[in-house]
Amino acid sequence: MVNLKNLKIYAKYARQHGRRFLAQRRAESRTAIPPAPFHPAPASWSDDELTFAWLGHATVLINFYGTWLLTDPALRSHVGVSVAGMTFGPRRLVQPALAIAELPPLDAVLVSHSHMDHCDLGTLKRLPRQTAAVVQRGNRDLARRFRRVDDLSWGESVEIKGARIEAIEVNHWGARRLTDRHRGYGGFLITKRDRALVFGGDTAYTPAFARLRERLPRIDVAMLPIGAYDPWIYAHANPEQAWAMRREMNATYILPMHHSTFRLSREPVHEPITRLLSAAGSEGWRVCLEQPGQTWKWRDAATQDEARPLAYGDDYGKEVAD
């Protein structure tokens with residue numbers, strides 16, 4: 001049964017924004033989306049290493065010592081509302097660093113919340129059904145096509161191929177539609193072989209990450225959002241706040257995301273990464289990746305507990321010393 005109140009809300013939204021959306025799509029059709037600066041080669045990655053590739057926005061491909069994970073999948077040209085086969089919403093500024101067909105076999109896809117730039121149903125529908133899906137509580141229906149779905153509340157965890165994945169607190173909100181307020185949201189703490197990763201999903205500044213220090217001596221890599229803060233600072237951390245949260249959780253490295261992919265706010269496209277590097281100062285070596293498509297490897301030394309990260313793309317080979 002159609003809810004008349006909800007129908008009026010959507011009709012008002014269509015009147016306010018429909019004409020602009022159509023004009024935007026017509027203008028976009030005259031220009032191509034440029035390719036990502038770098039192109040990862042996951043077929044060459046070793047299961048004996050911890051490897052990341054930033055595919056754009058909040059989508060990160062991870063090989064965690066043989067556990068293959070994909071975060072917040074959004075790999076199509078647009079994200080937003082689909083109507084009659086057309087998606088109305090922001091268009092990518094660069095193509096995804098890997099097309100859906102180029103992804104390796106995945107053990108799990110992690111979905112931090114239901115916002116359409118983090119949970120693109122068009123992308124999810126093209127991932128193999130045998131992939132496990134791990135979502136925050138209240139989002140199971142968005143991943144129902146997968147044979148295994150674990151929906152977690154904060155503090156709950158599941159193990160997938162030797163990796164422990166726990167839902168953790170962030171400072172954001174969950175909704176899929178204008179009239180939807182019930183869905184959960186959060187980040188993920190991922191641990192394996194005495195290594196710990198944090199995927200922050202989408203978050204404003206929060207002291208919740210600092211509380212991880214009570215449980216873990218260190219976080220090895222924190223994947224944190226740094227963009228869409230002007231004027232949405234109440235929902236999205238700015239670069240300085242992301243750097244502070246990295247420090248407060250005692251993360252050795254930060255993988256910045258949620259920037260340079262979609263225009264979701266007012267700040268210039270390249271401002272977030274510029275400000276993050278400025279905040280890092282002499283500790284810029286802690287910033288894993290800067291551009292879509294770059295890959296970062298943590299190689300464990302054979303004789304001692306140390307790591308030497310290597311950031312690269314197909315044509316990028318700069319070693320970053322600890």
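The model is predicted: local features need pLDDT of at least 70, side-chain atom pairs count only at pLDDT 80 or more, and totals for chains, interfaces and linings use all residues. Residues are numbered from 1 along each chain as its sequence is written, and side-chain values use heavy atoms, with hydrogens and water left out.

**The chain as a whole**

- The secondary structure comes to 4 helices and 17 strands. Helices (H or I, at least four residues) and strands (E, at least two) are DSSP runs, numbered from the N terminus.
- Of the 322 residues of the chain, 54% count as buried. Buried means under 20% relative accessible area, exposed means over 50%, and partly exposed lies in between (1.4 Å probe, protein chains only).
- Among contacts between residues at least 6 apart in sequence, 62% join residues at least 24 apart. Contact means heavy atoms within 4.5 Å.

**The open sheet**

- Strands of a sheet pair through backbone hydrogen bonds, either parallel or antiparallel. Here, two strands pair if DSSP finds at least two bridges between them.
- An open sheet of 6 strands runs in the order β9-β10-β11-β12-β13-β14, with mixed pairing.
- β9 (157-160) and β14 (251-257) stand at the edges. Each has a single partner strand, so one side of each is left without a neighbour in the sheet.
- The twist averages 20° from one strand to the next.
- Helix α3 (residues 239-248) lies across β13 (219-225) and β14, running at about 150° to β14. Axes are lines fitted to C-alpha atoms, for helices over the stretch in contact, and angles run from 0 to 180 degrees between N-to-C directions.

- β9 pairs with β10 (residues 163-168) in the antiparallel sense, over 4 bridges.
- I160 stands opposite A163 in β10. V158 has I165 of β10 as its bridge partner.
- The hairpin has 2 residues between the strands, and K161 takes a positive phi near 50°.
- In a regular strand the side chains alternate between the two faces of the sheet.
- V158 and I160 form the covered face of β9, while S157 and E159 form the uncovered one.

**Strand β6 and its partners**

- β6 (residues 108-111) is joined to β3 (residues 67-71) by 3 bridges, and the two run parallel. L69 stands opposite A108 in β6.
- β6 also pairs with β7 (residues 132-136), in the parallel sense over 4 bridges. In β7, A132 is the bridge partner of A108.
- A108 and L110 point one way from β6, V109 and V111 point the other way, and all are buried.

**The cavity**

- Rolling a probe the size of a water molecule over the atoms shows where empty space is left.
- The structure holds 1 cavity of 30 Å³ or more. On a 1 Å grid over the protein atoms alone, a cavity is a set of points where a 1.4 Å probe fits but cannot get out, and lining residues have an atom within 4 Å of a point.
- The largest cavity has a volume of about 120 Å³. Grid points are joined across faces, edges and corners, and a volume is the space filled by probe spheres set on the points.
- Of the 16 residues that line the largest cavity, the closest to its centre are S260, F262, L264, S265 and E267.

**Tryptophan W298**

- W298 lies in strand β15 (residues 295-300). W298 is buried, with a relative accessible area of 5%.
- W298 and T51 are 247 residues apart along the chain, yet their C-alpha atoms are separated by 6.3 Å.

Conventions
On a 1 Å grid over the protein atoms alone, a cavity is a set of points where a 1.4 Å probe fits but cannot get out, and a pocket is an open set with protein on both sides within 12 Å along at least five of seven lines; lining residues have an atom within 4 Å of a point.
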